[in-house]
Amino acid sequence: MMEILVLLIAGFGAGIVTGLVGASAVVIVTPFLVIFLGYDPYSAIGISLATDVVASSVSAYTYKRHGNINIKGGLLIALSAVTAAVLGSWLSGGMNSAALGGLTGIIILLTGISFRRKPINQRVEEFKEKFDLKFFREREKLASVLFGTLIGLMTGIFGAGGGVMILMVLTFVLDYKTHIAIGTSVLIMTFTALFGSASHFIVEQHLPYLELFLSGSAAFAGAVTAASFANGASEKKLSKAIGTAFIFLGLIVILN
């Protein structure tokens, strides 16, 4: 009974953060499975990524229905990120994963505090005044491949944070509107999570049907709820919600 409850709570929470900010379910589901149920971290990540496929695809469909996805830009970033993530995983072999993960959590936490204090659109305007990124905005395909590769490397090395970094790049660098940035982010996460979960289950040669059903069903409900709210929210309200979620995610990553 305890296992079922934990899986449902973790899945629903993952759906909420995915639908709201395009973040990976790994930062929610993995800590829950490892800390409360004693799962092996590798198996927990596989279940988390599979949960992410459900949450991201449902969220992407909702954002697409509202016209809030840039499919071309998203696919380029996705392909680049997936390829680079493999290299990033290899490079991370000799690094202190705990220190790197903690650094990622601190960055997410500080970003969340920043978004809580001031809406994203105001932050973007201030950012554009300080830094001239016209070169990247005029060459969106090149920028998508370049930053997709960087995000993939960071995700492969740190083990989490890809969705958050994608959102930040789309918003600050490529000048996407907040809703379109989140929609494109969850589209990208669908592909990266599908690739990652398939790799895990092939290596393990085991498919945990019950765990996937429970966490996936809960993630579906959470993603529908969060994505529907996000698409109907104003920039200011959405910014505060994202800030709160980032603070929560940052603390989870740091503690984990």
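The following paragraphs lead the reader through the structure, from the whole chain to individual residues.

This is a predicted model, in which local features need pLDDT of at least 70 and side-chain atom pairs count only at pLDDT 80 or more, while totals for chains, interfaces and linings use all residues. Residues are numbered from 1 along each chain as its sequence is written, and side-chain values use heavy atoms, with hydrogens and water left out.

The secondary structure of the protein chain consists of 12 helices and 0 strands. Here helices (H or I, at least four residues) and strands (E, at least two) are DSSP runs, numbered from the N terminus. Of the 256 residues, 53% count as buried; the term buried means under 20% relative accessible area, exposed means over 50%, and partly exposed lies in between, with a 1.4 Å probe and protein chains only. The chain exposes about 12,000 Å², of which carbon and sulfur atoms supply 69%; accessible areas come from the Shrake-Rupley method with a 1.4 Å probe, and for residues only the protein chains shown count as cover. Among contacts (heavy atoms within 4.5 Å) between residues at least 6 apart in sequence, 81% join residues at least 24 apart.

The interior can be described through its nonpolar cores. A nonpolar core is a set of buried Ala, Val, Leu, Ile, Met, Phe, Trp, Tyr and Cys residues joined through side-chain atoms within 4.5 Å. The largest such core has 34 residues, and those with the most contacts inside it are Leu-20, Val-21, Tyr-63, Leu-170, Leu-174 and Leu-238. At least two residues of this core come from each of helix 1 (2-21), helix 3 (41-65), helix 4 (71-91), helix 8 (140-158), helix 9 (162-173), helix 10 (178-204), helix 11 and helix 12 (235-255). A second, separate core of 14 residues includes Val-17, Val-29, Leu-214 and Ile-252.

Among the buried residues of helix 1 are Val-17, Leu-20 and Val-21. Gly-22 follows helix 1 and has a positive phi, near 70°.

Helix 2 has 12 residues and spans 15 Å between its first and last C-alpha, close to the 16 Å expected. Its buried residues are Val-26, Val-27, Ile-28, Val-29, Thr-30, Pro-31 and Leu-33. The structure holds 1 aromatic pair. In general, a pair of aromatic rings is described by the distance of the centres and the angle of the planes. Phe-32 and Phe-36 form a tilted pair, 5.4 Å centre to centre with 50° between the planes. Because Phe-32 and Phe-36 are 4 residues apart in helix 2 (residues 26-37), they are separated by about one helical turn. Phe-32 is partly exposed at a relative accessible area of 22%, and Phe-36 is partly exposed at 48%.

Just after helix 2, Gly-38 takes a positive phi of about 70°. Asp-40 lies in the loop between helix 2 and helix 3 and is partly exposed, at 45% relative accessibility. Asp-40 and Thr-30 are 10 residues apart in sequence, and their C-alpha atoms are 9.5 Å apart in space.

In helix 3, Tyr-61 is exposed, with 54% relative accessibility. Tyr-61 and Leu-187 are 126 residues apart in sequence, yet 8.4 Å apart in space, C-alpha to C-alpha. Ser-144, in helix 8, is buried at 0% relative accessibility. Leaving aside neighbours within four places in sequence, Ser-144 is in contact with Gly-73, Leu-76, Ile-77, Ser-80 and Leu-174.

His-179 lies in helix 10 and is buried, at 11% relative accessibility. The side chain of His-179 reaches the backbone oxygen of Ala-230 at 2.9 Å. The buried residues of helix 11 include Leu-214, Gly-222, Ala-230 and Asn-231.

Notes: Rings of Phe, Tyr and Trp (its six-membered ring) pair if their centres lie within 6.5 Å; planes under 30 degrees apart count as stacked, over 60 as edge-to-face and the rest as tilted. A polar contact is a pair of N or O atoms within 3.5 Å; within protein, one must be able to donate a hydrogen and the other to accept it, and residues adjacent in sequence count only if both atoms are side-chain atoms. The expected span of a helix is 1.5 Å times one less than its number of residues.
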